[in-house]
Amino acid sequence: MIDELEKQAEAFLAHHQPADAEAVYQQLCKLEPDNAAHRINLGKTQHRLGQLRNAVKNYQEAIRLDPASVEARYNLANALRESGDTATAIKAYQRLLQINPMHFEGLNNIAMLLISLGDSK
């Protein structure tokens, strides 16, 4: 059943139906509340829908479930940046880089964010 729901959500996304995918990922999170991957996928879908506050909550829950998740930390930092919470986004990128110092996208994004703030250090 879980595999079928995951495939259904992926199909919705492939057919540009993120709202339908969101509903399936919410169902998956209820069925497997300790599954960080489901929270990440729900967050990514909400992010795509512009629901940044909900996406942030799901990325944070994914990190609670799997503190070493680079994907959850990267997506959290991006959602915070896009929501305008620059200070928290910088901290999130820094936490990401503590786990994976060579995360190219994270390095790039924090650098661009700091440059935009006039802090080129």
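Is Pro-18 buried or exposed? At 18% relative accessibility, Pro-18 counts as buried, where buried means under 20% relative accessible area, exposed over 50% and partly exposed in between (1.4 Å probe, protein chains only). The views below start from the whole chain and then come back to this residue. This is a predicted model in which local features need pLDDT of at least 70, side-chain atom pairs count only at pLDDT 80 or more, and totals for chains, interfaces and linings use all residues. Residues are numbered from 1 along each chain as its sequence is written, and side-chain values use heavy atoms, with hydrogens and water left out.

**View 1. The whole protein chain.** Seven helices and zero strands make up the pattern here, which reads α-α-α-α-α-α-α along the sequence; helices (H or I, at least four residues) and strands (E, at least two) are DSSP runs, numbered from the N terminus. The C-alpha trace spans about 50 × 25 × 20 Å along its principal axes. Of the 121 residues, 40% are buried.

**View 2. Pro-18 in helix H2.** Pro-18 lies in H2, which covers residues 18-31. Not counting residues up to four places away in sequence, Pro-18 touches Phe-12, Leu-13, Thr-45, Arg-48 and Leu-49, a contact being heavy atoms within 4.5 Å. For a sense of scale, 23 Å separates the C-alpha atoms of Pro-18 and Ser-69, which are 51 residues apart along the chain.

**View 3. Gln-46 in helix H3.** Gln-46 is found in H3 (residues 36-48), and its relative accessible area of 3% makes it buried. Leaving aside neighbours within four places in sequence, its contacts are Glu-22, Gln-26, Gln-51, Asn-54, Ala-55 and Asn-58.

**View 4. Helix H5 against helix H6.** H5 (residues 70-82) and H6 (residues 86-99) pack at an angle of about 160°, with axes 8 Å apart. Here the axes are lines fitted to C-alpha atoms, for helices over the stretch in contact, and angles run from 0 to 180 degrees between N-to-C directions. H5 is therefore roughly antiparallel to H6, since angles under 35 degrees count as roughly parallel, over 145 as roughly antiparallel, 65 to 115 as roughly perpendicular and the rest as oblique. On the H5 side, look for Val-70, Arg-73, Tyr-74, Ala-77, Asn-78, Leu-80 and Arg-81; H6 contributes Thr-88, Ala-89, Ala-92, Tyr-93, Arg-95, Leu-96 and Ile-99.
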